[in-house]
Amino acid sequence: MRQRVITAVIALAIFIPILLAGGIWLEIAAAALAAVGVFEVYIMRKRIIVSMDFLVTILGTLALVVPNGFYRGWFPKSFSRLDLFYVFSIILLVITVLTKNKFNFEDAGVSVVSMLYIGTGFHYLAAVRNSAPGLGLLMYALIVVWSTDIFAYTFGRKIGKHKLWPAISPNKTWEGTIAGIIMALILSGIYMYFVPQEYSMTTMLMIAFVLSIMGQMGDLIESAYKRFYKVKDSGNILPGHGGILDRFDSMLIVLPLLHIFGLV
């Protein structure tokens, strides 16, 4: 517990100023976090880090993390992050040929999904903060995710009796899940009372309801692939907390949804 607290304090001391500063500082931080996330995927899969496919996967992920306007002046007007992502995906398929299937189609599939999942998630960490709604909207998302996580865990331990999905995450319960959603709605509602958002309270609470559910789904997604790869944590960069993917599993799903819902 002491190690967890120390790690949390140090991480917040580093992360909060970057979050407040926003701009290029957060874009650089998002890129670094995404690179570590890809590294963790490769370690979980016991893949060789010093390899062409790892390099391409890192570059493809970073191609998605960078801001939308990053490619202006470098490529034709119609060129986008997704175009470059497609190029790196094809390069991964070419590597399956060059390596004579030592790096195969399934390996390429995992790399492509990892690029999309990690790259898009961390792209919106910076994109949300640097958008017009800015810090206010990002704090709304963080409150939904953090309150869901904290109260789902707390209530699940105290009153949880009915397992949510034991084959994937044995400790999660329906009681904890429901409590997490309710508390996310209450706390995000209080936040929006003091920090009004662009849309109505009713709309934002409806979105918070979906984000709370999908945040927990993000947690279950990570539990699923960790169970598949037979690892306890995605990494050990954060002593007592695991890896970057362990800490950002919910946010990687929630943040892109803010864009899908038209908030960014």
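Predicted model: local features only at pLDDT ≥ 70, side-chain atom pairs only at ≥ 80, totals over all residues.
Colleague: Where does Asp 53 sit, and which residues is Asp 53 in contact with?

Modeller: Asp 53 is placed in helix H3, residues 52–65, helices being DSSP runs of H or I with at least four residues and strands being E runs of at least two, numbered from the N terminus. Leaving aside neighbours within four places in sequence, Asp 53 is in contact (heavy atoms within 4.5 Å) with Tyr 42, Arg 47, Leu 92, Ile 95 and Phe 103.

Colleague: What does the side chain of Asp 53 do with Tyr 42 and with Arg 47?

Modeller: With the side chain of Tyr 42 there is a polar contact at 2.6 Å, the term meaning a pair of N or O atoms within 3.5 Å where, within protein, one must be able to donate a hydrogen and the other to accept it, and where residues adjacent in sequence count only if both atoms are side-chain atoms. With Arg 47 the side chain of Asp 53 meets in a salt bridge, 3.8 Å from N to O, a salt bridge being a side-chain nitrogen of Lys or Arg within 4 Å of a carboxyl oxygen of Asp or Glu. Arg 47 is partly exposed, with a relative accessible area of 23%.

Colleague: How many salt bridges does the structure hold?

Modeller: The structure holds seven, including one between Glu 222 and Lys 226 at 3.7 Å, N to O. Those two are four residues apart in helix H8 (residues 201–229), so they are separated by about one helical turn, and both are buried. Another joins Lys 232 and Asp 233 at 3.9 Å, N to O; here Lys 232 counts as exposed at 69% relative accessibility, whereas Asp 233 is partly exposed at 30%.

Colleague: Changing topic, what does the domain assignment give?

Modeller: The chain is assigned domain 1 (1–130) and domain 2 (133–263), with bounds that come from an automatic or database domain assignment. Their C-alpha centres lie 21 Å apart, and the contact takes 24 residues from domain 1 and 27 residues from domain 2.

Colleague: How much area do domain 1 and domain 2 bury between them?

Modeller: They bury about 2,500 Å², 75% of it on carbon and sulfur atoms, buried area being the accessible area (1.4 Å probe) that two parts lose on being put together, summed over both. In domain 1, Met 44, Tyr 117 and Val 128 lose the most area to domain 2, together 29% of what that side buries.

Colleague: Which helix gives the largest share of the domain 1 side?

Modeller: H5 does, with 10 residues of the side that touches domain 2.

Methods:
Residues numbered from 1 in each chain as written. Heavy atoms only, no water. Buried < 20%, exposed > 50% of the residue type's maximum accessible area, 1.4 Å probe, protein only.
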